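Please read the following note alongside the coordinates. The points are grouped by the kind of feature under discussion.

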Amino acid sequence: MADGLNIPGVSDKYKTNDLVKSLMEVERIPLKREEANLETYNKQQSAWRDINQKMSSLRESVKSLYSFENPFSNKLASSSDEFAVSVDAGREADFGSFKIDVLQPAQADRFLSDEIGSDYNVPQGKYTFKVGKKTIEYNWKGGKLTDFVDSVNKRGNNTIKASLIGVSPDKKSLLLESLKTGEENALVLENKAFDLALKIGMISETKPETTNFTINQESMKITKTKDAVEQEGLEPISKSRVSTTSRQITIGARGGFETDLPESITSKKNQKIEFTFTEEKIKDITEGTGSVKEVFQVPSAGGIEYEGITVYNNLSETTLPPGEEKKLEGLKSIETSNENIFFIKDIDGNETALTHQYFSSDGKTKSTKVSFKLDDFPNAKTLVVRNSNTGKEITMTMPVATDTRTSLGYKPNHAASQACDAKIRYEGITLSRPSNDIDDVVPHITLHVHEKTEKTATVKIEPDTESAKDAIITFVGKYNQTIAEINILTTNKPEVISELDYLSKDEQEEAKEKLGMFQSENSLRTGKTNLMQIVSGNYKFLDSAQITMLSQIGVSTNASGGTRGGYNPSQMRGYLEVDEKKLDQSLASNLNDIKNIFGYDSDGDLIIDDGIGLKLDKQLSAWVQSGGIINTKNQAIDSKIKATNTKITKLQTQLDRKEAELKMKYANMQGTLGGLESQQNSIQNFANQSNRSR
């Protein structure tokens, strides 16, 4: 037997393991090919996800440029005295400026008590606190002052607050405060709350200070005014149609008067004037003044008298038929609203109507209550009542003036602040509001009152060009990222990556792996071409439009003006550049035109149907939406991945079976060789023994 036989399991003399491995390498070639395909498909799918992310981001950017919340409609609001009055402007606010004087900010009641002992016990009972229309009422079982404060705050409900102020180590002062500003939200103390406040020196009892008007024919003046409807022959408004008693005044149809406000009222602050009035329909004074007939007559020819003798001229000759009549129009009835009856006249003769904001009705009676603060009418001098109606009689009670500080029957002894309305003067008109946040004076603008102005503040509403500029620059950045991604995927040129100097090293390596991955993908090249055509297009939304293209505002493929007369490959790849100086100038002078080139209504149906933003949105939607181009591409790759995974599983199973068969075959071979080697050894030993026996 030849040398070199081996024993199975002890040695691999014939290299059967290497032989099996070599044979399996050949068998694994189809598997490796499918695994390589699977890796390619996964990379392609990742690349489509990346381009989807870039396009989606660009789409969101362009949608913001033409949607309802586009930055071109943003407003910047500023005040020359932000410390006294600041301002917020809505998107629909008009550009412009106006003047504001803050006469006083709105405040809430804040009442302090005298010094009281830290161990003071608050007696039990029903405690009632009112702020405006809200009431806090509960039964207190009695106890420590600190516990009472906690009980008030627990039930305060953003309406009232209590706190203790340490005056000295063993003395405290109780602070009660309303959490709502405005005179209508005065802090009212009732039941045990009133008794407690009185006992600890927080308030003192007072009697309401009132002033009753005395109006009679002697104190009335004739009111002169233009009627609501001017009619020839209509009787003028007269105080003769006004009658008075000690309690009321009756103003008949076409009646009116003026009366000076008592100096005792106009010389004080915090005066509120109130009265009620009712209306009653009466026979209209224009009834019976319908169409009348007038006979046209030839006037007398006249004559001459001399020494008692009169000589008459002959009558004039005329072609008019005798007794011809002409119809004349009658007087029309007049009916005005309640807001055109009562007025306050200032010392300069300017009248301000008492409008609906000063009227109220309890719904039970037919009377209407008129209540207004004299502070709302600076330099008020005269009350004017004018009933321009021809078929209505007005009956009003005698006005009464009340000092609002004493109307509750008590006054605070230590008021940190007292409830009052914010008072502002807007373009010369004095207005009051219960809150320091005033949003009903200028449309879509909210004024925030803080302090009294030292001098008139100027409020300006201007376009927010910075946010518009940021949005455009963001759009350009997103657009360039999308174009760069398409260039990398469709071009096999390394300079496409190297010219993107904003990429990190890791991003550059990732880009190199994707370089030229979709060179044969014509849809991407077509998509890029469509994007470039949209951003370079002309959008003439009006014949008078001055801005119709992005290049006119400093956004183009050569906005920087570089390589003049030369060739710049990066500019030819479709990237946009921004000339910030030119963009700033365009935004400052043609903001509305720039807004329109991103999206405008071309047919007057109030729906945006053209513009860069809209067209880009539609183009990108075709790629990124569910069922779009990218989704379809990924579904196709998903199918390939699924099929490849099936093949890989099948091939792996076949290879495992093949490898097991080869190992079994060569194991049997090695076993046979091992048996032969054993026989060889036995024969050799027998031969050796025979030789030694000789």
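Helices (H or I, at least four residues) and strands (E, at least two) are DSSP runs, numbered from the N terminus. This is a predicted model, in which local features need pLDDT of at least 70 and side-chain atom pairs count only at pLDDT 80 or more, whereas totals for chains, interfaces and linings use all residues. Residues are numbered from 1 along each chain as its sequence is written, and side-chain values use heavy atoms, with hydrogens and water left out.

1. Gln45 and its polar contact. The side chain of Gln45 is joined to that of Asp638 by a polar contact of 2.4 Å. A polar contact here is a pair of N or O atoms within 3.5 Å; within protein, one atom must be able to donate a hydrogen and the other to accept it, and residues adjacent in sequence count only if both atoms are side-chain atoms.

2. Ser86 and His450. A second polar contact, of 2.8 Å, runs between the side chains of Ser86 and His450. Ser86 belongs to strand E2, residues 85-89, and is buried, its relative accessible area being 14%.

3. Pro71 sits in the loop between H2 and strand E1 (75-79) and is buried at 7% relative accessibility; its C-alpha atom is separated by 4.9 Å from that of Ala468, although the two residues are 397 apart along the chain. Pro105, in the loop between strand E3 (96-104) and strand E4 (110-112), is likewise buried, at 17% relative accessibility, and its C-alpha atom is 5.9 Å from that of Val449, a residue 344 positions away along the chain.

4. Salt bridges in general. The structure holds 24 salt bridges, each defined as a side-chain nitrogen of Lys or Arg within 4 Å of a carboxyl oxygen of Asp or Glu. Side chains of opposite charge can pair when their charged atoms come close. One of these salt bridges joins the side chains of Glu25 and Lys32 at 3.1 Å, N to O; Glu25 is partly exposed at 33% relative accessibility, and Lys32 is partly exposed at 44%.

5. Arg110 and Glu177. These two residues form a salt bridge whose closest N and O atoms are 3.2 Å apart. Arg110 lies in strand E4 and Glu177 in strand E11 (residues 171-178), so the pair ties together parts that are 67 residues apart in sequence. Arg110 counts as partly exposed at 29% relative accessibility, while Glu177 is buried, with a relative accessible area of 12%.

6. Lys221 and Asp260. The side chains of Lys221 and Asp260 meet in a salt bridge of 3.0 Å, N to O. Lys221 is partly exposed at 34% relative accessibility, and Asp260 is partly exposed with a relative accessible area of 37%.

7. A salt-bridge network. Asp50, Lys54, Glu485 and Lys514 are linked to one another in a network of salt bridges, which a reader may wish to view as a group.

8. Positive phi values. Most residues other than glycine have a negative phi, and most peptide bonds are trans. Asn157, which is not a glycine, has a positive phi of about 55 degrees; it lies in the loop between helix H3 (145-155) and strand E10 (160-168) and is exposed, with a relative accessible area of 55%. Asn191 also has a positive phi, near 55 degrees, but it is found in strand E12, residues 187-191, and counts as partly exposed at 41% relative accessibility.

Definitions and conventions: Buried < 20%, exposed > 50% of the residue type's maximum accessible area, 1.4 Å probe, protein only.
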